[in-house]
Amino acid sequence: MKIFFVLFLFFCFSNAYSQTDWVKWEKAELIYLEDNGQLKRDYSISGESLSEATLNSLASVYWFFISDLDGDNCPFKPSCSNFFVEAVKETNLPQGVLIFFDRFTRDLNIFSRANKYPRFGAKYYYDPVSLYTLIEDKIHYLPPNTFIKSE
Amino acid sequence: MTKLTLIVLSVTSFVYAQTIDSNSSVLHRKENIIKFADHLFCEKDYLRSANEYLRIDEALRGDVIDFKIALSLSAIGDYSIAKNTFGQINESSAYYSLSKPEIMKIFFLEEEYSELRKYYSAHNNLSLLQSESPESKLYFVSYLKDNENIPSLQDFTRPFNLDEREEVNFLHQMKADPPSKSPITASILSALIPGAGKIYTGEISDGVIALITTGLFAFLAYDNFQADHNFRAWLFTGLAAMFYAGNIYGSYSSAQLYNARIKFEFNLRLDSFLKSKNYFIPPYEFCE
Amino acid sequence: MALTSTTLTFRKLLIIVFVLANNYVFAQTYLQAQYNYATQLYNDEQYFDAITEFKRFQFFDSLNQYSYFTNKSIAMSYKQGGKFDEAIYYYSLAELNTPNIDSLFNTKIEIIKTNLLRRTIYRAFDLLNDLNNDERFNSKKDQITYWKGWAYIFNNEWEKASEEFAKVDINNQLKQICANVAESQYSESTAKILSYILPGAGQFYTGNYISGILSFSWVALWTYIAVEAFLADRIFDGLLVTNFLVFRFYNGNIQNAENFANEYNSEISNWTLNYLQHNYRGPKP
């Protein structure tokens, strides 16, 4: 029985296995450690300009005093506050505010998230700012059930 | 006499056996390299088979081996070297005509669509586009990937055979006239009724929530103005205005996302069609 | 002396047999040389090329006499390159043709070790259970227990790992290390229960004092406001505050306690795993 199982594997996977050898690989360092994938917040209060520095400090204060203590409430990655900071950095303050309110509306919508957003890790949905800047070249569409491991 | 022959034979084979070292052993002779490389090729271990074939001296290779080397490199993704190797095949060889669609397939995978069409015109009479061949099919399919003016449906589908025609028809329609949604229309609809733009682009739940939220805050603002709580009323007005403006912006970008999704699904469908037809190249008989 | 026809044929046969025998010995010399070449590449850490040469050996070994050795060597090369799926595949092929019971057992253990490195720990546990129930390996229970301990280590169950190592040998170094880790780790359930009873207590238990104070302050503040609202008969306001603020910070406090405990525990685990990888001299995955 076991022989049939292995032969079955052989015929199914002999092609798939050869694909790892399509690029020459070297000796790998065997590692026992496991990675956790817990993303840490960036509490910097510096920035390129005064406005950016203000934004960063306000965000850091919010994170330290409030966000760290009321738990993981945002189903998206990047989280809503993070999203707002990145949106203002990539475009400008008024546009960033509009993007944020649109994101907040989508956050309120608890239905049919699985059919719309790709997934990030086990618990989150992936929703980057680049989809909403109105610049078409930056939009890299990902279909709903794709899994993304890290940024 | 027999004794002499025996002695000579045994001594020479003994001496021969001792002077062999592993590198030049019989397993690394040309015929055995080819046998092993053929086996690796049929196992799809392409990098190894290419490296084995390349160990054979260039002058001794012949067109079959050059063709297999180029096929292996093309499978791995070494596109420029594969193209060169295909190009080295002599025009008189039987493999020359087989190498032309492979070169066009490489241009396709490299996303060099105009180069692909230039290559075709350089090596073929353009009237041949009406006949059925892998090259003419790839020529037309390349129009589905880039942004040049696409030929008419008649010319486009002529080289395809009957079981391919339906899919090619569909793909041509989708490319020439994609069912996109206009962002401007979406934003205008949202300006008239909050949330209508999102419903237009297919995100019905988002649109309904936006309508409820804007309506709720507007109602709260009105209610507080009536009850003369001015600070709260202005606060709620501000929030309602922000949600309203955010929804208009969101409808515009939602239409953009809808169009991006159509493009993505079109490319996915086209790629899986091409893979299932193996880029219209008939299978080879190298492996039984 | 005149040679009869039978003597002539006999001598011809003798020559032919002699040449053929030489060729056979010849061929064996070639296979041996090829095997030596491949093993040399393996020892030089050229694993990709070693696999090529072992595959060549396998291809020309037309009688398939050496398939156990070649499959095992190919699997070892893949393992050194970090390609664990392929390694397990070739170890399974080697398992089919083992020469004796001991090498069958060793191959099965190699598969378990590769599963640990690949972090498919549950598969390793299944295989270990199969080995335990297999009557052919009744004399090797000690070894099976030893590797079960390693499986518990990789699965972050240090308490159970320590017990397994104790079964093998009461003074085992690994038993001591695992027991130390189990002791110095925080209990996740204790942290959660403390946080349920008193917001902020779980965070104090795990050593995050600032977070504990802030958590406690927020929950206290919003509960006070909520209670005041209920007492002043503003039920709706009270409900709003309770729902959106008190519960939010209370749940956040429990989540934080759990996360801090887990973070601290994985730091200890990772440090110990690193130590074992580089400093432990016994058999390891």
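Is F286(B) buried, partly exposed or exposed? F286(B) is partly exposed, at 22% relative accessibility; buried means under 20% relative accessible area, exposed over 50%, and partly exposed in between (1.4 Å probe, protein chains only).

1. Basis. This is a predicted model, in which local features need pLDDT of at least 70, side-chain atom pairs count only at pLDDT 80 or more, and totals for chains, interfaces and linings use all residues. Residues are numbered from 1 along each chain as its sequence is written, chains are lettered from A and ligands numbered from 1 in the order in which they are written, and side-chain values use heavy atoms, with hydrogens and water left out.

2. Secondary structure of chain B. Chain B has 14 helices and 0 strands. Helices (H or I, at least four residues) and strands (E, at least two) are DSSP runs, numbered from the N terminus. The pattern along the sequence of chain B is α-α-α-α-α-α-α-α-α-α-α-α-α-α.

3. Overall dimensions. The radius of gyration of chain B is 33 Å, whereas a compact globule of 288 residues would have one near 19 Å. The radius is taken over C-alpha atoms, and the globule rule is 2.2 Å times the number of residues to the power 0.38. The C-alpha trace of chain B spans about 130 × 50 × 30 Å along its principal axes.

4. Surface and contacts. Of the 288 residues in chain B, 42% count as buried. Among contacts in chain B with a separation of 6 or more, 53% are between residues 24 or more positions apart. Contact here means heavy atoms within 4.5 Å.

5. Helix 8 of chain B. In helix 8 (residues 134-141) of chain B, 8 of its 8 residues are buried. Charged residues E135(B) and K137(B) deserve a look, as both are listed among the buried residues of this helix. The buried residues of helix 8 of chain B pack against helix 6 (95-109), helix 7 (113-123), helix 9 (153-157), helix 10 (162-176) and helix 14 of chain B.

6. S49(B). This residue is in helix 3 (residues 46-54) of chain B. S49(B) is buried, at 0% relative accessible area. Leaving aside residues up to four places away in sequence, S49(B) touches A37(B), L40(B), F41(B) and S72(B).

7. Aromatic pairs. Rings of Phe, Tyr and Trp (its six-membered ring) pair if their centres lie within 6.5 Å; planes under 30 degrees apart count as stacked, over 60 as edge-to-face and the rest as tilted. By this rule there are 56 aromatic pairs over all chains. One of them joins F67(B) and F286(B), tilted, with 6.2 Å centre to centre and 55° between the planes. F67(B) lies in helix 4 (residues 63-76) of chain B and F286(B) in the segment after helix 14 (230-276) of chain B, so this pair ties together parts 219 residues apart in sequence. F67(B) is buried, with a relative accessible area of 0%.

8. Aromatic cluster. F67(B) and F286(B) also belong to one aromatic cluster with W22(A), F41(B), Y46(B), F86(B), Y95(B) and Y284(B).

9. Charges over rings. A charge sits over a ring if NZ of Lys or CZ of Arg is within 6 Å of the ring centre and within 35 degrees of the ring normal. R117(B) lies over the face of Y143(B), 4.1 Å from the ring centre. The charged end of K181(B) sits over the ring of Y258(B), at 5.4 Å from its centre.

10. Disulfide. A disulfide is a pair of cysteine sulfur atoms within 2.5 Å, and the count over all chains is 1. C42(B) and C287(B) form a disulfide with their sulfur atoms 1.8 Å apart. The torsion about its S-S bond is about -95°, so the disulfide is left-handed. C42(B) lies in helix 2 (residues 30-42) of chain B and C287(B) in the segment after helix 14 of chain B, so the pair ties together parts 245 residues apart in sequence. C42(B) is partly exposed at 35% relative accessibility, and C287(B) is partly exposed at 32%.

11. Other cysteines. The sulfur of C74(A) is 3.1 Å from its closest cysteine sulfur, in C80(A), too far for a bond. C74(A) is buried, at 15% relative accessibility. C178(C) is buried, with a relative accessible area of 0%.
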